[in-house]
Amino acid sequence: MVACVRSRSWVTDPELRVGLTASWIHNDWDCEEIRAAVEYAIQGEAARYFADRVLAKTSSENLPQDAIQGWWDAALFQLHQARQLSEWIAHTLEKDSHFELKAPWLVSLSRLVHRRQITDPDAKHEVERLVRKFVLPVMHEENASPDALRLLAILPTEEKQKALQHMLDGEATVENQQAAIEFWTASDPSLQAMVMDRWEGLPPPVRQTVLQQLVRNASGARLLLNRIESGPLEPKQIPVWVWQSLRGLGQDDILRRVAQWAPVVSISWEQESAPYREAWNQPGDASVGEANFRKWCAACHRVNGIGTELAPSLESYRVRPNEAIAMAIAEPSRDMDPKYEQHQVRTDDDEVFAGILTAQGSDFIEITTAQNALVRIPRTSIETWTTTGKSLMPEGMLQELGPQGLNDLIAFLRSQPRE
Ligand code: HEC
């Protein structure tokens, strides 16, 4: 065991680098210093040595797993810099037995592709060959990892188009459909348009990915607005966060179109706020506030040890300004985290469930209702599945509470928990 005192300068010598890499592979070194040194040492010849030897190791049980990924990242990057990546991939392709869809080296390669770091035409060619040989045939299977799918981004558009069709029509898991959309369609308007043509058939989590993708830049945003204007997408199904992101792009034409379609937020805190602010001038009654909390909020939120954790804990609101609390109640969907969007599922025996999507598997989805009940629905019995574009948190509670009720509630939120 080498003491953990080596500095990085120890590995500036090319021969020592190979030496260090070699002896690391044969020893159970496990300390931070050595890990960092190895990452640094994997340069030039050592990168090739590392890649060959580690790949050849059938079992890597004695290697510290958490460090391996970093080393592979370094090794493949270095191989590409040294223009040896294509040759190395060709070599691994010959030995099919090394191929595994979740292998760390594949993850590293996929990161290079994702960051558009593969510039050498030979390397690009080899990655394409690898993708066609190993990933395309299994991409719709459940064990195809999102990392493997990310590699497909390197293929020409027509091939991606076919692959995407296959993924969306076929039996691919929702998670992999999301990965395909996220990784393959970025800044490719023709693929984005193709996905939008299939909007009706996409399950809500996939729709969410599509929307997240489109609002990232102005061209995606314009495509989305075209679809809203020409009909297939109903403005009321578009979540509030999408309108906000569209506004955030700050383009005049987009702002104008959004103003035309975005539903007017049903209650605006600004219009309603005067009497509530007036009430804040008097101290609130925390015990009445506690009763209000139990009645209106405890089904979803927890604070001072009361309530459930279906929604975010309100502990942090103890010190937030009154305005922030009031606004969150007045306009629940305004700054909503998309994971709290309300889903609505109708089953083939005509039951309707509404709530947030808390789990999904290949043959079921799980909805948690506003009453904190878990409902597991087999995918085969889903008749329709939509999202409302709104938070699970109900609207209209501000009016129900009234100025005094809110003032008391705030007093309770700010009070310390009873022992
Ligand atoms: C049916 C469930 C439900 C009820 C009832 C409910 N909320 Fe919420 N609330 C949520 C969900 C879900 C979120 C997160 C999504 C969002 O911001 O709308 C949330 C968000 C919030 C936030 C913002 C939290 C954050 O970290 O962003 C505040 C503040 C809040 N609620 C206060 C209240 C108060 C006060 C009441 C009672 C008057 C209440 N809520 C009743 C579900 C609920």
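Analyst: Helix H9 (residues 157-169) and helix H11 (residues 189-197) pack with their axes 10 Å apart, at an angle of about 20 degrees. This is a predicted model, in which local features need pLDDT of at least 70, side-chain atom pairs count only at pLDDT 80 or more, and totals for chains, interfaces and linings use all residues. Residues are numbered from 1 along each chain as its sequence is written. Helices (H or I, at least four residues) are DSSP runs numbered from the N terminus, and axes are lines fitted to C-alpha atoms, for helices over the stretch in contact, with angles running from 0 to 180 degrees between N-to-C directions.

User: Why are H9 and H11 called roughly parallel to each other?

Analyst: Angles under 35 degrees count as roughly parallel, over 145 as roughly antiparallel, 65 to 115 as roughly perpendicular and the rest as oblique. The angle between H9 and H11 is about 20 degrees, and the two helices are therefore roughly parallel.

User: Which residues make the contact of H9 with H11?

Analyst: Thr157, Lys160, Gln161 and Leu164 of H9 make the contact with Ser190, Leu191 and Met194 of H11, where contact requires C-beta atoms, placed from the backbone, to lie within 7 Å.

User: What makes H9 roughly antiparallel to H10?

Analyst: The axes of H9 and helix H10 (residues 174-184) cross at roughly 155 degrees and come within 10 Å. That crossing makes H9 roughly antiparallel to H10. In this pair, Lys160, Leu164, Met167 and Leu168 of H9 meet Asn176, Gln177, Ala180 and Trp184 of H10.

User: Why are H17 and H19 called oblique?

Analyst: Helix H17 (residues 286-296) packs against helix H19 (residues 397-414) at an angle of about 130 degrees, with the axes 7 Å apart. H17 and H19 are therefore oblique to each other. Their contact includes Phe293 and Trp296 of H17, together with Leu401 and Phe412 of H19.

User: How do you know that the ligand lies between two domains?

Analyst: Domain 1 (269-332 + 395-414) and domain 2 (338-391) both give residues to the shell around the ligand, so the ligand lies between them; the domain bounds come from an automatic or database domain assignment.

User: Which residues come nearest to the ligand, and how is the shell divided by class?

Analyst: Of the 24 residues around the ligand, Cys297, Cys300, Ala311, Ser391 and Met393 come nearest, a residue being near when its C-beta atom, placed from the backbone, lies within 6 Å. By class, the shell has 19 nonpolar, 3 polar and 2 charged residues, where Ala, Val, Leu, Ile, Met, Phe, Trp, Tyr, Cys and Pro count as nonpolar, Asp, Glu, Lys and Arg as charged, and the others, Gly among them, as polar. Helix H18 (residues 322-330) gives the largest share of this shell, 3 residues.

How values were computed. Contact = placed C-beta atoms within 7 Å.
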